[in-house]
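Keep the sequence and the 3D view open as you read.

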Amino acid sequence: MSDSNITRRRFIVAAITFTGFASGVSMLRLSEAWAQSDADPGQDTLDGMIRVARLLYPHDSISDAVYAEVLDGILAATAIDASFADTLKTAEAALDGHQEEAFMDLDHDAQLAALRAVEGEGFFAAIQASVRFGLYGHPAVWQLIGYGGPSYQDGGYLHRGAGDIDWLPEAD
Amino acid sequence: MARTYNMNDDSVVVVIGSGAGGGTLSNELAQKGIDVVCLEAGSRLALTDIENDPGLMNGRMGWNDARMGTAVWLCKTVGGTTMRWSGITPRFQEHELKPRSTYGLLDDTTLIDWPLTLDELAPYYDKAEFKMGVSGTHDIPPSFETSMYKVLRAGGLKMGYKEITSARTAINPLARDGRPGCLQIGFCHSGCRIGAKWSTLYTEVPKAESTDHFELRTGAMVLKINHNDNGKVTGVVYSDEAGAVHEQKVRAVAIAGNVVETTRLLMNSASARHPDGLGNSSGQLGRNYMRHVTTGVYAVMPGEVNFHRGTRQSGLIMDEQYHQADRGFAGGYFIETGATDLQSLAGAIPGWGEEAAGHIEKYSQMASVFVSGEDPPQARNRITLHPSEKDQNGLAVPVIDYAMHPNSTLMQQHANIKSTELFESLGGSVVSKIEGIGYGCHNMGVARMSENPTDGVTNRWGQAHDIPNLFVSDGSLFTSSAAANPTLTIVALAIRQADHIAERMSRREL
């Protein structure tokens, strides 16, 4: 298994246990399923999901490549969780069915409207949670946003700015 | 080192759970020379298993079995929720042990007074604080002043608050008791990688093991407690890691499974003699479930805070803890610092799109408070067993039914207003707050202590009213919630209970 696959699998296991979008899938079954399958949900789905992710959490300073990595991890989860694959299919159909043109052929504002039209649907919350978890769990995003990530390997922040703040009024 | 006991050895006290209540009780008993078998459903992590990764650690130490109803956020691991807690340890106030006398019987509550007083509890608070190394007590310095604490203090002073402190946290400011001082790593909810935060995993449990009166069995999921015709419990049936079922004979049993599992086990142990669950002749088992009034308020401040650089809870404001009827609600609350990783912060920001993403981008300027306040008991708030759903052990799945009392809603609104004023006094702007059931998970009350056996499940020692050799040793005992985060009081009650059990044993009453 390549490094990126290890990262990918680790993300999925963490995402599933954390967000509960695949509750009921045991860790044992996850590893077995992963060993058997590395299914690719397809480039069209990936492109569509990248667009959705950017509409959900737009950050100009974050490149499409980072969004793509995040979505790649989320889509890989469909290989081990059929219900999540169904969730994505439902979302694709709903977004494509919003207007006569397919979702990917709409302009930005129309895509936003299509997404807003489905925000009450069950699949929306599941997709939003997984995009959010993946995007803000990505080290490249941490760096851009100024979040330090894991710190024990650097000895924590005790001597690296834990008490630093320079704009508060003087305490009496 | 640790010894092992035979399944038929009926001289042992079986403690179920190894967290704040069970781990502490186990060690206190073992130190007195009483033989203890501690059954822990989870596994035993090493410090090197602890990563700064909330999702990963929830998989490693969270209790992720099937449950229904209001969400809870507990641990299945040696150390229980002391692995996940933030370490804040205020004491109860005197009036909080007499809520019925102080507040009157609020509509739709089941308030009663505790069957013990603060004078009785105070010496055990001292012992608990010493054991846990609470900052600002027993000559231990206050905790390090993080940038988030400085925000809390500066805003609190502007609000006119007087009791603002970075003390009262069970995280070593300096090395003590074989554990290092805090390095301000953050990620306190994912377990403390260096063991600076008090957890029974690396304090009570190994200390008990060093006595030669203690055996810890991990992966031991308790299924049922058996009793005899004389009304005493006789054995604990559990499933081991391999799924094999055993019965450990007992002299006495103490349950500390954290409220949900404590209720479930007692209910699953129903028999002809105890048709509604073991020790439930009062019908109170599972009722009066309390969670604390909580909120989480996030604000974007005018400059950088970087609240990830340090402990989640590094201080608190105590001024609002008092009962002041003119605020329009009974009881009080603490305002405590909050801090969280980027993923969790993003989850706390409502909505999506440009505004939400814009707030998340200001992570380095984010400040946050958590609130813990008194939540009155209600008969309707209860934990029951699902009539048909079973888990992987064939046990009925617990159903958690909780609704906020109007008093709790008023308190939460007050806390949200005060927290907003605090941040705004420094030029901050609130971007997220909780209105409704909070994500804090302080479980209390389902086997509450009561003077009168019809009002609760246990007496002033945490001994079941119905069964002399059955004890409850976790937050289930709480007669009322008070405002304080519960762990210090759970530990104090466990130390007190150990004294009582030892005394009863020496008099051959157990």
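Start with β14(B) and β15(B), where β15(B) covers residues 396-401. These two strands of chain B run antiparallel and are joined by five bridges. One pair to look for is Arg382(B), which stands opposite Asp401(B) in β15(B). The model is predicted, so keep that in mind throughout.

The two strands belong to an open sheet of three strands in chain B. Its order is β3-β15-β14, and its pairing is mixed. Which strands form the edges? They are β3 (68-69) and β14 (382-390) of chain B, and each pairs on one side only. Helix α7(B), residues 258-268, packs on this sheet. The helix touches β14 and β15 of chain B, and its direction makes about 60 degrees with that of β14(B). In general, strands of a sheet pair through backbone hydrogen bonds, either parallel or antiparallel.

## A buried glutamine

Now step back along chain B to the loop between β13 (366-373) and β14. Gln378(B) lies in this loop. Is Gln378(B) buried or exposed? Its relative accessible area is 5%. The cut-off for buried is under 20%, so Gln378(B) counts as buried.

What does Gln378(B) touch, leaving out residues up to four places away in sequence? The list includes Asp108(B), Thr109(B) and Thr110(B). Asn288(B) and Tyr289(B) are also on it.

## A strand covered on both faces

Next, find strand β9(B), residues 252-255. Both of its faces are covered. Ala252(B) and Ala254(B) are buried on one side. Val253(B) and Ile255(B) are buried on the other.

β9(B) has parallel partners. Strand β1(B), residues 13-16, is joined to β9(B) by four bridges. In this pairing, Val13(B) stands opposite Ala252(B). Strand β17(B), residues 470-472, also runs parallel to β9(B), with three bridges between them. Here the bridge partner of Ala254(B) is Phe471(B).

## Helices in chain B

Helices α1(B) (residues 20-31) and α11(B) (residues 487-506) pack together. Their axes are 8 Å apart, at an angle of about 35 degrees. The crossing is right-handed. From α1(B), the residues in contact are Ala20(B), Gly21(B), Thr24(B), Leu25(B), Glu28(B) and Leu29(B). Among those they meet in α11(B) are Ile490(B), Val491(B), Ala494(B) and Ile501(B). By class, this contact has nine nonpolar, four polar and one charged residues. An α-helix has 3.6 residues a turn, so residues three or four places apart point the same way.

Helix α2(B), residues 54-61, is mostly covered. Six of its eight residues are buried. They are Pro54(B), Gly55(B), Leu56(B), Met57(B), Asn58(B) and Met61(B).

## Chain A

What makes up chain A? It has eight helices and zero strands.

Chain A has 172 residues, and buried ones make up 47% of them. Take the contacts in chain A between residues at least 6 apart in sequence. Of these, 64% join residues at least 24 apart.

Definitions and conventions:
Residues numbered from 1 in each chain as written. Chains lettered and ligands numbered in written order. Predicted model: local features only at pLDDT ≥ 70, side-chain atom pairs only at ≥ 80, totals over all residues. Heavy atoms only, no water. Axes fitted to C-alpha atoms, helices over the stretch in contact; angles between N-to-C directions. Left-handed = near helix turned anticlockwise from the far one by under 90°. Contact = heavy atoms within 4.5 Å. Nonpolar A, V, L, I, M, F, W, Y, C, P; charged D, E, K, R; others polar. Pairing = 2+ DSSP bridges. Buried < 20%, exposed > 50% of the residue type's maximum accessible area, 1.4 Å probe, protein only.
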